[in-house]
Amino acid sequence: MNFLTALAIATMFSLGLFQLMRRNTIRSATGLVLLSNAVNMFLFTTGAYDGVAAAYYQAQGQVSDPLPQALVLTAIVISAGGFAFVLSLLYIIAERYKTSNSDEVEGLRN
Amino acid sequence: MDWLILPPLLIPFAGVFTTLLLRKRRRLQAWLSLAFISAALAFSLFLAQKVIFEGATFALQSGQWPVPAGITLVADPLGVFMLVMTQLVLSAGILYAIGSTEKVVQYPTFYPLFLGLATGLSGAFLTGDLFNLFVFAEVIVITGATLTGIADDKYGVEAAYKYFLISTVAALLFLLGVGSLYASYGTLNLAQLGELIQTEPLKPLALAGMAFLTATFLTKSAVFPFHFWQPDFHAAAPTAVSAMLSSVVVKLGVYGFLRMTSLLFVNQADTLRLLLVILGVVGVIYGGFGAAGTHNAKRMLAYSTLSQIGFILVGIGWGTPFSIAAALVFTFNHSLIKAAMLMLAGAIASRAPVKSASFEVVLGVGKNSPAAGVLFLLGGMALAGIPPTNGFISKLGIFWSGVEAEQYLPLAIIGVASILTLFYVISAFMKIWFEKNPNVKPKQGDWLIAPTLLVLLCLALGIWGEPLIVAANNITASLADSSNYISIVKEASALLQVSQ
């Protein structure tokens, strides 16, 4: 299980990184989401294997660490907001430059 | 008395919502933002007097939770120093925005976003928790990118997209670093992490965490080789905002490196310092040549930031008490100078026939505003390090500490490269104020109050720099031993347990 989780995160991370580097702006935005989900999963696993019970008040048995869950919750919210922001920027760029190829978005080059 | 940490953070935060409610009443919104940030500045100055000069320390556990669970807010000398610097420049930025002729300042959420930037910066310098630092860094990124996206400059959106993509990747690296350190040490409290990393430095993911944090802070400060987005972004932002981005926002990385070398990774600090010296020297050369080769005044100043950050990193990298104090003085002075210079470049651009800071457009525009010329010359002297300005003190400090540390090779390189500063500042000055341009007509532009105040402050600190130098020495003394910071947090946590 540990190995499978690690493999899943690694696959997701590499796919995300690959997509992020693509020339197409939509693909690179998708890559950003994959990448941030991979990182969130990684953050989540740092506390995944310590306990057997959910971290409620007066829980029975070895409770799992609630802090990574709180961190991931915050990180998910931030990355969701960031993704919405990227999409809105892409919308304006697509409208203004009539392209989704990042090589053709080059107003700043000169 | 520990509640005194809260006002510098909560006042701008309250300002975000108050000014958002007043978005229909533009004048009131603008002046109220200035009131909010000045009130925050007054509190941070009081905090600085207590913490830096009188040696008091403040720490607060949010929600009364003990150390690893609750977020710690710490007012240690370094954090308060950066806080005062930030809020000083941000106040000037809002004052500039009030008198700005750009359309962007009429945007209903301009001032709320600006105060959001202030909240992010204040929080980042006051927090004692690594994950909380990530959250505040994200606040800075989102507000900075939005403020640039709404710029008058038609390339604002493109620059904002570029910056946001790079910063988000940097933020993900930061999260990976947070995860690595949490997996290794089971805490994210900076003080506790510092203590644990010193006792067990060789946990499997500790060095990976250090590498991730280094990459993040290099991106935040736009240091070579993570610099490529910076000139685009800083040149396309509205003037009032670019003056903030290029002066105080880039200092987040500097702050991060000071914390990393003095608190988190004390055992590995020498490796990190070597890296900082190398990257700093490259940055000084690269930024200098980049600035000399551009055709736009704002872009030139953005490149100049690359080279000035290089000086600061070299100072941190030498790692002697003298050089760290010099780097701190340099950090403070550079913020004032760069903010003033960018505001002046923007004020000139607003008086040009077409609104642009490109040298072709602003050629000879200075004829109608000799006052701005005097200020630009004084600011340029400060940037190049000519007495009697504060830039002279900061450069003298860096060079002198290099001689003391016997680092002659980097010293020689940055010495030669710093002559470039003089070259590009003078050439910009000659182009704007001494060339003749028949198209130039007198035109109302942005107010010059904010840059005037900043340049006067630069002169005052150049003539009477003692408070700044004493402050820098006190901070360096507190950074010399990581137990200073750790004991502040421990005391706060111990008090909490007694009261419970």
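Mentor: Start with confidence: chain B has a mean pLDDT of 90, and 100% of its residues reach 70 or more. pLDDT is the predictor's confidence in each residue, from 0 to 100. This is a predicted model, in which local features need pLDDT of at least 70 and side-chain atom pairs count only at pLDDT 80 or more, while totals for chains, interfaces and linings use all residues. Residues are numbered from 1 along each chain as its sequence is written, and chains are lettered from A, with ligands numbered from 1, in the order in which they are written.

Trainee: What makes a stretch count as a helix or a strand?

Mentor: Both are DSSP runs, numbered from the N terminus: helices are H or I over at least four residues, strands are E over at least two. By that rule chain B has 21 helices and two strands, and chain A has three helices and zero strands.

Trainee: Why is chain A called more spread out than a compact globule?

Mentor: The radius of gyration is taken over C-alpha atoms, and the globule rule is 2.2 Å times the number of residues to the power 0.38. For 110 residues the rule gives 13 Å; chain A has 19 Å, well over that, so chain A is more spread out than a compact globule. Its C-alpha atoms fill a box of roughly 65 × 30 × 20 Å along the principal axes.

Trainee: Why does B:Pro225 count as exposed?

Mentor: The test counts other C-beta atoms, placed from the backbone, within 10 Å of the residue's own: 20 or more is buried, 12 or fewer is exposed, and in between is partly exposed. B:Pro225 has 11 such neighbours, so it counts as exposed. B:Pro225 is found in the loop between α8 and α9 of chain B. Buried residues make up 64% of chain B and 25% of chain A.

Trainee: What makes a nonpolar core, and where does the largest one lie?

Mentor: A nonpolar core is a set of buried Ala, Val, Leu, Ile, Met, Phe, Trp, Tyr and Cys residues joined through C-beta atoms within 7 Å. The largest has 215 residues, of which B:Phe81 and B:Ile348 touch the most other members. Helix α14 (residues 321-351) of chain B gives the largest share, 21 residues. Domain 1 (1-267 + 482-500) and domain 2 (268-463) of chain B both give residues to this core, so it lies between them. The domain bounds come from an automatic or database domain assignment.

Trainee: Which residues are in contact with B:Ile348, leaving aside its neighbours within four places in sequence?

Mentor: They are B:Ala297, B:Val362, B:Val365, B:Gly366, B:Ala372 and B:Ile432. Two residues are in contact if their C-beta atoms, placed from the backbone, lie within 7 Å.

Trainee: How many residues does each domain of chain B bring to the contact between them?

Mentor: The C-alpha centres of the two domains lie 23 Å apart. Their contact takes 38 residues from domain 1 and 42 residues from domain 2 of chain B. On the domain 1 side, α3(B) gives the most, seven residues.

Trainee: What makes up the side of chain B that touches chain A?

Mentor: 22 residues of chain B are in contact with 21 residues of chain A. The largest share of the chain B side, 14 residues, comes from α6(B). That side divides into 16 nonpolar, three polar and three charged residues. Here Ala, Val, Leu, Ile, Met, Phe, Trp, Tyr, Cys and Pro count as nonpolar, Asp, Glu, Lys and Arg as charged, and the others, Gly among them, as polar.
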